[in-house]
Structure formats: C-alpha cells, structure tokens
Amino acid sequence: MALMIALLGQLNFMTSIQDICDFLDWFAPQRLAEEWDNVGLLVGDRNSTANRVMTCLTITPASAAEAINKGCDLIVSHHPLPFQPLKKITADAISTRMLLDLIRAEVAVYSPHTGFDSAAHGINQSLAELVGMENPKPIIPIPNDPDELGSGRIGDLNPSISLAELVDRLKASLSVGHVGVVGQMDATTHRIALACGSGGTFLESARQLGCDTFVTGEANFHTCLEAEATNTNLILLGHYASERFALERLASELGKQFPEVDSWPSVQESDPLKRY
Ligand SMILES: [Zn+2]
C-alpha cells in the first residue's frame, strides 16, 4: 500500500508531452494560427514524459544538436519543422536530416507559430507593450473571435514621440544594435502598427487603419518603396530580434507552469545575419 501511494505520488509529478501541449494550446491557441500554417505537435508521442523542454525560434543543426546533447524531450520551436508536407525523411537534405536525428533521439517537436504571434500574451502583444502602445487591437481581427484577437497589433502612443525615440526604445528593449528605417528620424510617430517576423504583407491593411509607423522584423525592397511612397515610417528590427525574445519568455512561462520540468531557451541558436 505504501509503495502504491509512493508510486501514485510520483505519477503526479510526471509531466507528459500532452500536458505541455495543453498548456501551449491555451497560451498560444492553435485556433489563432493562419490557415497556411502548420502548428501543434508535429513530431513525437504525446504520451511520453517531458522532463526537459527547450524553446527556440527555429530548429537548426545547432539548436537540434543542443536538444539532443542535453537530453531534451520536447523542442518548442516557434517556426514549424516540418512545415511542408513530406514524402521522405532521409539524411539527404538538411531539414529531413534534422528530423531524422530528432526522431532517433526521441525528441518531440511542437510549433505554436502564428498562433503565438496573435495570442493574448503572444509576440505581437508583447511588442506592443514594449513600445508602450495604448489599447492595442489586431490589424486583422479573426471574425467573431470572442477575445477580439487576430494578426498584428495597432494602437496609439501617448504622448507621441519622434521616430528616433521609437527606434531607440525598440533597440533598447530588444537589445539590438542596428535596425533598418524608412522615414525621417525627426518625424512624429503617434499611431503605430506592428507585426513580428516577415510582416510586410500587413503594411497596406495597417495603413488603411491610419498608422503613421509600421514595425516588423523584415520586409523586401518593394515594401520599403511602398512605405516611402505612402509616407509611412517603416522600422525593420530583423526577423530574429522581432521574435526570439518571446521564446526566451516562453521558456520561463513553461518553468513557472511546470516547475518539475527543466525548461530553457536554446543557447546555441543565434541570428545568422550579423549587422556591423
Ligand atoms: Zn518568424
């Protein structure tokens, strides 16, 4: 009897991959993900135990090796792997080789991606709070969503600040040395829109909602020209800088929620694009 109670007690402290999936689907709901996306548990057995969980922005050879070397049971990778449907999983290509290695080492993969971008405590909401946006609303709301969530965020800065001050605020909060800017640094910014990652496609919708400044991770040259031609200030933070901080925060959220699980943000991943 004593043994059984001891065993039951131990069972209570066993966290399954499914327990983590349940938390993640509450924190970064899959229902908020874009239609084209691939989110949720992408690799692994949801009934396995999760003792060690690593978060990262992207599964790369470096972050995959870190997970395997540290005996990680689950990687929570913002960007999905796999993303596209696969016909084979061989060592012939980088992405499928990583998948093969992770499967061999019994490392599961969960990707929240655009569900995390859009969530109530997601990446865009966090960016909105970092810049001091008042009353942030989605740029593109999900129709009939009870929580009024959706893609990107738009809202006002009170008091208004200069584009230079906004740039400084973002650089300081995200610890980035350089950002790309379209616009005059002494221009006044009041109504700000933002979208993490590659958010250039949201520029037009954000402009129609009256933003004078649009902040995203990266955008192509034509989006920069479009911003210039429409007198919209554009700040490019870098894709990595616009999202990685949120995966560091997610690791500490997981640590709070599951104190028995060892959770950490990947230390091996870094921005491949260096700015000088
Ligand atoms: Zn991204």
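What share of the contacts in the protein with a separation of 6 or more comes from residues 24 or more positions apart? The answer is 64%, where two residues are in contact if their C-beta atoms, placed from the backbone, lie within 7 Å.

Before you click around, note that this is a predicted model, in which local features need pLDDT of at least 70, side-chain atom pairs count only at pLDDT 80 or more, and totals for chains, interfaces and linings use all residues. Residues are numbered from 1 along each chain as its sequence is written.

**Stop 1: the whole protein.** Show everything as a cartoon. You can look for 10 helices and 13 strands; these are DSSP runs numbered from the N terminus, with helices being H or I of at least four residues and strands being E of at least two. Along its principal axes, the C-alpha trace spans about 70 × 45 × 35 Å. The radius of gyration, taken over C-alpha atoms, is 20 Å, close to the 19 Å that the globule rule gives for 276 residues, so the protein is as compact as a globular protein of that length. That rule is 2.2 Å times the number of residues to the power 0.38.

**Stop 2: two domains.** Colour residues 2-112 + 246-265 as domain 1 and 120-237 as domain 2; such bounds come from an automatic or database domain assignment. Their C-alpha centres lie 30 Å apart. Where they meet, 4 residues of domain 1 are in contact with 6 residues of domain 2.

**Stop 3: the core.** Buried residues make up 42% of the 276 residues. A residue is buried if 20 or more other C-beta atoms lie within 10 Å of its own, exposed if 12 or fewer, and partly exposed in between, with C-beta atoms placed from the backbone. The largest nonpolar core has 69 residues; a core of this kind is a set of buried Ala, Val, Leu, Ile, Met, Phe, Trp, Tyr and Cys residues joined through C-beta atoms within 7 Å. Its largest share, 7 residues, comes from helix α10 (residues 239-257). Now select L74 and I75, which have the most contacts inside this core. Leaving aside residues up to four places away in sequence, L74 touches I17, I20, G44, A50, V53, A108 and Y110.

**Stop 4: D262.** Finish in strand β13 (residues 262-265), where D262 is found. Is D262 buried or partly exposed? D262 is partly exposed, because 17 other C-beta atoms lie within 10 Å. Select N51 and R52 too: D262 touches both, not counting residues up to four places away in sequence.
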